[in-house]
Amino acid sequence: MATVAQWFEGARPRTLPMAAAPVIVGSAAAFDLEAFNPTRALLALLIALLFQVGVNYANDYSDGIRGTDDVRVGPIRLTASGVASPKSVKFAAFGCFGLALIAGLALIILSQTWPLLLVGAGCVIAAWGYTGGSNPYGYRGLGEVFVFLFFGIVATMGTTYTQALQVSWASFVGAVGTGLIATALLMANNVRDIPTDREVGKITLAVRLGDEAARISYVMMLAVAILLPLVLVNEHPWILLVLLLAPVCLMPSWVMLKGKKRKDLIPVLKQTGIINLCFAVAFSLGLALTRLM
């Protein structure tokens, strides 16, 4: 039986900033529209965190029963290592999804945004279909599309919409930025796993691009994420704070480009998650300071 510490590690806490970042950005965009609602923001954060942990357990289960994680470099996987039964990991995944849907229903009732019920259902289907089912799209190089859409566009603009009942250009730019950084994190993970994924037939985007091109794509995604907010400078001059992240991106980018050993890429995952969180804070401060001054 897995210990509490092993379940916690299996939840992949390094990925949680990826869930928090879009909610922070979306809430800041709502503040910019003079519609920030702390209760709805906290509910959106709870939903995002539960979905992230649910996705992590779902991937652990699906990759584990397929044998994808039998030989890998990185933190423990509950199913593949045998410390937890596949059934219990699957139950944990759907337990998280269920709690996320309950919190989502509460948010929809408070904001009266009933069309988002379909979005919530789509999130669960997409989360399970990433590596689950008979034809998982994560094995066909589409995982990055899922992450960009659901942990970037949907999470960010959905947060804004449930508070302001509208979206804005700023919320879209922020959604693209945080989505790209989240996608970069997945790319770093998949570059590390290229040899083992190729062996078991998991054709991720990193496998399709090849090692060198995949590493370059990581750097490009970070660069676009940091530079894109400059389109908002005329109306939000404080958004220039995002440029302070450029030096922070140098170390993980260098490791991605030059790291020869697969285990060298493990710290990049945590660093990229921190970058996403810092991006969210800097972007949000840029919007808030412009509004307040």
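What radius of gyration would a compact globule of 293 residues have, and what value does the chain have? For a chain of 293 residues, a compact globule would have a radius of gyration near 19 Å, and the chain, examined here as a predicted model, has 19 Å, which agrees with that expectation. Taken along the principal axes, the box filled by the C-alpha atoms comes to roughly 55 × 45 × 30 Å.

The secondary structure consists of 13 helices, with zero strands in the chain, and the pattern read along the sequence is accordingly α-α-α-α-α-α-α-α-α-α-α-α-α. Among contacts with a separation of 6 or more, 77% are accounted for by residues 24 or more positions apart. Of the 293 residues, 54% count as buried.

Confidence in the prediction was considered both for the chain and for its elements. The average pLDDT of the chain is 90, and 97% of the residues score at least 70. Among the elements, the lowest mean pLDDT, 83, belongs to helix H9 (residues 194–200), whereas the highest, 96, belongs to helix H11 (residues 211–227). Where pLDDT is low, the predicted coordinates should not be read in detail.

Two residues were then examined individually. Val 207 is placed in helix H10 (residues 205–209), and because its relative accessible area is 11%, under the cut-off of 20%, Val 207 counts as buried. When residues up to four places away in sequence are not counted, Val 207 touches Ile 194, Asp 197, Arg 198 and Lys 202. Tyr 139 lies 68 residues from Val 207 along the chain, and the C-alpha atoms of these two residues are separated by 9.9 Å.

The second residue, Ser 253, is found in helix H12 (residues 246–258). With a relative accessible area of 9%, Ser 253 also falls under the 20% cut-off and is therefore buried. Once its neighbours within four places in sequence are left aside, the residues in contact with Ser 253 are Tyr 218, Val 219 and Leu 222.

How values were computed
Residues numbered from 1 in each chain as written. Predicted model: local features only at pLDDT ≥ 70, side-chain atom pairs only at ≥ 80, totals over all residues. Heavy atoms only, no water. Helix = DSSP H or I, 4+ residues; strand = E, 2+ residues; numbered from the N terminus. Rg over C-alpha atoms; globule rule 2.2 N^0.38 Å. Buried < 20%, exposed > 50% of the residue type's maximum accessible area, 1.4 Å probe, protein only. Contact = heavy atoms within 4.5 Å. pLDDT = per-residue confidence, 0-100.
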